[in-house]
Amino acid sequence: MGKMIELTAGDGHKLGAYRAEPKGKPRGALIVVQEIFGVNSHIRSVADGYAADGYLAIAPAFFDRVERGLDIGYAPADMERGRAFIPKMQWDKAMQDAAAARDDVKSAGKVGIVGYCWGGTVSWMSASRLAGIAAAITYYGGGITANSGEKPKCPVMCHWGEMDQGIPLEGVKKFLGEHPEVTSFTYPAGHAFNRDVGSSYHADSAKLARTRSLDFLRKHVG
(Lines give C-alpha, C1' and ligand atoms only; values in the text may rest on other atoms or scores of the structure.)
Protein backbone atom coordinates (compact mmCIF):
# COMPACT_ATOMS: atom_id res chain seq x y z
CA MET A 1 0.00 0.00 0.00
CA GLY A 2 2.82 2.41 0.88
CA LYS A 3 6.23 3.37 -0.45
CA MET A 4 9.57 4.56 0.86
CA ILE A 5 10.32 8.26 0.48
CA GLU A 6 13.07 10.58 1.70
CA LEU A 7 12.63 13.34 4.28
CA THR A 8 14.95 16.20 5.20
CA ALA A 9 15.17 17.23 8.84
CA GLY A 10 15.73 20.79 10.01
CA ASP A 11 19.48 20.22 10.39
CA GLY A 12 19.79 18.93 6.83
CA HIS A 13 19.88 15.23 7.78
CA LYS A 14 18.14 13.04 5.21
CA LEU A 15 16.20 10.03 6.40
CA GLY A 16 13.97 7.44 4.87
CA ALA A 17 10.29 7.06 5.69
CA TYR A 18 7.52 4.68 4.78
CA ARG A 19 4.43 6.59 3.64
CA ALA A 20 1.04 4.89 3.31
CA GLU A 21 -1.90 6.76 1.81
CA PRO A 22 -5.55 6.00 2.47
CA LYS A 23 -8.19 5.56 -0.18
CA GLY A 24 -10.05 8.80 -0.65
CA LYS A 25 -9.67 11.92 1.45
CA PRO A 26 -7.62 11.38 4.64
CA ARG A 27 -9.28 11.76 8.02
CA GLY A 28 -5.98 13.28 9.16
CA ALA A 29 -2.37 12.14 9.46
CA LEU A 30 -0.45 9.83 11.78
CA ILE A 31 3.25 9.47 12.49
CA VAL A 32 4.06 5.83 13.27
CA VAL A 33 7.22 5.44 15.35
CA GLN A 34 9.28 2.29 15.06
CA GLU A 35 10.48 -0.15 17.68
CA ILE A 36 14.22 -0.85 17.94
CA PHE A 37 14.12 -2.97 14.79
CA GLY A 38 13.86 -0.18 12.24
CA VAL A 39 11.11 0.42 9.72
CA ASN A 40 10.72 -3.28 9.12
CA SER A 41 7.83 -5.26 7.67
CA HIS A 42 5.86 -5.12 10.92
CA ILE A 43 6.04 -1.34 11.25
CA ARG A 44 5.17 -0.96 7.58
CA SER A 45 2.13 -3.17 8.13
CA VAL A 46 1.10 -1.02 11.12
CA ALA A 47 1.28 2.06 8.90
CA ASP A 48 -0.72 0.27 6.22
CA GLY A 49 -3.34 -0.61 8.81
CA TYR A 50 -3.81 2.99 9.88
CA ALA A 51 -3.96 4.04 6.22
CA ALA A 52 -6.75 1.50 5.74
CA ASP A 53 -8.54 3.24 8.60
CA GLY A 54 -8.37 6.53 6.72
CA TYR A 55 -5.16 8.19 7.91
CA LEU A 56 -2.18 9.34 5.90
CA ALA A 57 0.46 7.36 7.79
CA ILE A 58 4.20 7.90 7.80
CA ALA A 59 6.88 5.87 9.58
CA PRO A 60 10.21 7.76 9.68
CA ALA A 61 13.46 5.80 9.88
CA PHE A 62 14.77 7.41 13.07
CA PHE A 63 17.77 5.09 13.28
CA ASP A 64 19.04 6.43 9.94
CA ARG A 65 20.94 8.82 12.22
CA VAL A 66 23.16 5.86 13.11
CA GLU A 67 22.65 3.23 10.41
CA ARG A 68 20.68 3.78 7.24
CA GLY A 69 17.93 1.41 6.21
CA LEU A 70 17.86 -0.71 9.36
CA ASP A 71 15.37 -3.56 8.96
CA ILE A 72 15.94 -6.46 11.32
CA GLY A 73 14.01 -9.32 12.87
CA TYR A 74 13.43 -10.50 16.43
CA ALA A 75 16.08 -13.14 17.11
CA PRO A 76 18.18 -12.63 20.28
CA ALA A 77 21.03 -11.21 18.19
CA ASP A 78 18.60 -8.76 16.58
CA MET A 79 17.34 -7.70 20.00
CA GLU A 80 20.87 -7.03 21.16
CA ARG A 81 21.67 -5.12 18.00
CA GLY A 82 18.51 -3.03 18.22
CA ARG A 83 19.02 -2.10 21.86
CA ALA A 84 22.48 -0.79 21.04
CA PHE A 85 20.92 2.03 19.01
CA ILE A 86 18.99 3.54 21.92
CA PRO A 87 21.90 5.25 23.73
CA LYS A 88 23.12 6.62 20.40
CA MET A 89 19.91 8.55 19.80
CA GLN A 90 19.45 12.16 20.93
CA TRP A 91 16.05 13.62 21.73
CA ASP A 92 16.63 16.89 19.91
CA LYS A 93 17.58 14.99 16.75
CA ALA A 94 14.64 12.61 17.10
CA MET A 95 12.29 15.58 17.40
CA GLN A 96 13.74 17.07 14.21
CA ASP A 97 13.09 13.79 12.40
CA ALA A 98 9.54 13.62 13.76
CA ALA A 99 9.01 17.22 12.68
CA ALA A 100 10.13 16.34 9.15
CA ALA A 101 7.51 13.57 9.09
CA ARG A 102 4.86 15.92 10.47
CA ASP A 103 5.59 18.48 7.78
CA ASP A 104 5.34 15.84 5.05
CA VAL A 105 1.81 14.80 6.05
CA LYS A 106 0.25 17.87 7.67
CA SER A 107 -1.58 18.77 4.47
CA ALA A 108 -3.92 15.88 5.35
CA GLY A 109 -5.22 17.75 8.41
CA LYS A 110 -4.48 17.27 12.09
CA VAL A 111 -1.45 15.11 12.89
CA GLY A 112 -1.28 12.42 15.57
CA ILE A 113 1.62 10.22 16.61
CA VAL A 114 1.71 6.60 17.79
CA GLY A 115 4.82 4.76 18.92
CA TYR A 116 5.77 1.27 20.03
CA CYS A 117 8.52 0.26 22.47
CA TRP A 118 11.30 2.86 21.95
CA GLY A 119 8.81 4.60 19.68
CA GLY A 120 6.37 4.84 22.57
CA THR A 121 8.86 7.05 24.38
CA VAL A 122 9.34 9.10 21.20
CA SER A 123 5.59 9.60 21.07
CA TRP A 124 5.56 10.79 24.70
CA MET A 125 8.45 13.19 24.12
CA SER A 126 6.78 14.50 20.96
CA ALA A 127 3.62 15.28 22.91
CA SER A 128 5.68 17.72 24.99
CA ARG A 129 8.34 18.96 22.63
CA LEU A 130 6.91 18.90 19.12
CA ALA A 131 4.51 21.58 17.93
CA GLY A 132 1.59 20.66 15.70
CA ILE A 133 0.73 17.31 17.31
CA ALA A 134 -2.97 16.86 18.02
CA ALA A 135 -2.76 13.57 19.94
CA ALA A 136 -0.12 11.05 21.06
CA ILE A 137 -0.49 7.32 21.67
CA THR A 138 2.18 5.23 23.37
CA TYR A 139 2.53 1.47 23.51
CA TYR A 140 4.82 0.11 26.26
CA GLY A 141 7.27 3.00 26.05
CA GLY A 142 10.11 1.92 28.31
CA GLY A 143 11.62 5.37 28.68
CA ILE A 144 8.40 7.19 29.57
CA THR A 145 8.64 6.78 33.33
CA ALA A 146 12.22 8.06 33.26
CA ASN A 147 10.98 11.15 31.40
CA SER A 148 7.92 11.85 33.52
CA GLY A 149 8.99 15.46 33.95
CA GLU A 150 7.84 16.23 30.41
CA LYS A 151 4.63 18.23 30.14
CA PRO A 152 2.43 17.12 27.23
CA LYS A 153 0.74 19.81 25.17
CA CYS A 154 -1.81 17.46 23.61
CA PRO A 155 -4.00 14.56 24.76
CA VAL A 156 -2.02 11.36 25.47
CA MET A 157 -3.13 7.72 25.65
CA CYS A 158 -0.80 5.03 27.04
CA HIS A 159 -1.01 1.23 26.70
CA TRP A 160 0.98 -1.01 29.08
CA GLY A 161 1.44 -4.75 29.55
CA GLU A 162 0.78 -5.96 33.09
CA MET A 163 3.45 -8.65 32.68
CA ASP A 164 6.01 -6.43 30.96
CA GLN A 165 9.24 -7.31 32.78
CA GLY A 166 10.97 -4.24 31.39
CA ILE A 167 8.39 -1.69 32.63
CA PRO A 168 7.39 -2.34 36.25
CA LEU A 169 3.81 -1.35 37.03
CA GLU A 170 4.98 0.49 40.16
CA GLY A 171 6.79 2.92 37.87
CA VAL A 172 3.70 3.24 35.71
CA LYS A 173 1.55 4.02 38.75
CA LYS A 174 4.02 6.70 39.86
CA PHE A 175 4.00 8.20 36.37
CA LEU A 176 0.20 8.30 36.28
CA GLY A 177 0.13 9.93 39.70
CA GLU A 178 2.22 12.72 38.21
CA HIS A 179 0.10 12.86 35.04
CA PRO A 180 -3.58 12.40 35.88
CA GLU A 181 -4.42 14.00 32.54
CA VAL A 182 -3.05 10.96 30.66
CA THR A 183 -5.52 8.27 29.56
CA SER A 184 -3.96 4.92 30.46
CA PHE A 185 -4.81 1.24 30.08
CA THR A 186 -3.12 -1.97 31.18
CA TYR A 187 -3.54 -5.39 29.57
CA PRO A 188 -2.97 -8.99 30.67
CA ALA A 189 0.06 -9.27 28.42
CA GLY A 190 3.79 -8.68 28.28
CA HIS A 191 5.97 -6.29 26.32
CA ALA A 192 5.29 -5.87 22.59
CA PHE A 193 1.83 -7.42 22.84
CA ASN A 194 0.75 -5.52 19.72
CA ARG A 195 3.45 -7.02 17.49
CA ASP A 196 1.77 -9.83 15.57
CA VAL A 197 5.11 -11.51 14.90
CA GLY A 198 6.54 -13.90 17.46
CA SER A 199 5.54 -15.10 20.91
CA SER A 200 4.97 -11.67 22.49
CA TYR A 201 1.74 -11.11 20.55
CA HIS A 202 -1.46 -11.10 22.60
CA ALA A 203 -4.32 -10.89 20.14
CA ASP A 204 -7.12 -9.86 22.51
CA SER A 205 -5.05 -7.11 24.10
CA ALA A 206 -3.83 -5.86 20.73
CA LYS A 207 -7.37 -5.73 19.37
CA LEU A 208 -8.73 -3.86 22.38
CA ALA A 209 -5.83 -1.40 22.43
CA ARG A 210 -6.26 -0.70 18.75
CA THR A 211 -10.00 -0.07 19.16
CA ARG A 212 -9.25 2.40 21.93
CA SER A 213 -6.51 4.03 19.90
CA LEU A 214 -8.78 4.50 16.91
CA ASP A 215 -11.51 6.00 19.10
CA PHE A 216 -8.90 8.39 20.51
CA LEU A 217 -7.72 9.35 17.03
CA ARG A 218 -11.29 9.86 15.84
CA LYS A 219 -11.85 12.25 18.74
CA HIS A 220 -8.64 14.28 18.48
CA VAL A 221 -7.38 13.91 14.89
CA GLY A 222 -10.41 13.15 12.75
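## Surroundings of T121

In this predicted model, T121 touches W91, G141, G142, G143, I144 and N147, leaving aside residues up to four places away in sequence. T121 is found in helix α4, which spans residues 118-129. Its relative accessibility is 3%, so T121 counts as buried, the cut-off being under 20%.

## Sheet order

The strands β1-β2-β4-β3-β5-β6-β7-β8, in that order, form an open sheet of eight strands with mixed pairing. The edges are taken by β1 (3-8) and β8 (183-187); each has a single partner strand, so one side of each is left without a neighbour in the sheet. From one strand to the next, the twist averages 20°.

## Strand β4 and its neighbours

With β2 (residues 14-20), β4 pairs in the antiparallel sense over four bridges. Within this part of the sheet, Y18 has A59 of β4 as its bridge partner.

With β3 (residues 28-33), the pairing of β4 is parallel, again over four bridges. G28 has Y55 of β4 as its bridge partner, and A29 stands opposite L56 in β4. Between β3 and β4 the chain passes through helix α1 (residues 41-52), and this β-α-β crossover is right-handed.

Helix α6 (residues 203-220) lies across β3, β4, β6 (135-139), β7 (156-161) and β8. The helix runs at about 170° to β6.

S205 lies in helix α6. At 3% relative accessibility, S205 counts as buried. The side chains of S205 and H202 are joined by a polar contact of 2.7 Å. S205 also touches Y187, P188, A189 and F193, not counting residues up to four places away in sequence.

## Nonpolar core and Y50

In soluble globular proteins, nonpolar side chains tend to be buried together. Here the largest nonpolar core has 76 residues. Those with the most contacts inside this core are V32, Y50, F62 and Y139. Helix α3 (residues 91-105) contributes the largest share of the core, seven residues.

Leaving aside residues up to four places away in sequence, Y50 touches L30, V32, Y55, A57, V114, Y116, Y139, R210, S213, L214 and L217. Among these contacts of Y50 are V32 and Y139, which are also listed with Y50 for the most contacts inside the core.

Note on methods. Residues numbered from 1 in each chain as written. Predicted model: local features only at pLDDT ≥ 70, side-chain atom pairs only at ≥ 80, totals over all residues. Heavy atoms only, no water. Pairing = 2+ DSSP bridges. Helix = DSSP H or I, 4+ residues; strand = E, 2+ residues; numbered from the N terminus. Right-handed = clockwise from strand over helix to strand, strands pointing away. Axes fitted to C-alpha atoms, helices over the stretch in contact; angles between N-to-C directions. Contact = heavy atoms within 4.5 Å. Buried < 20%, exposed > 50% of the residue type's maximum accessible area, 1.4 Å probe, protein only. Polar contact = N/O pair within 3.5 Å; in protein donor to acceptor, adjacent residues only side chain to side chain. Core = buried A, V, L, I, M, F, W, Y, C linked by side-chain atoms within 4.5 Å.
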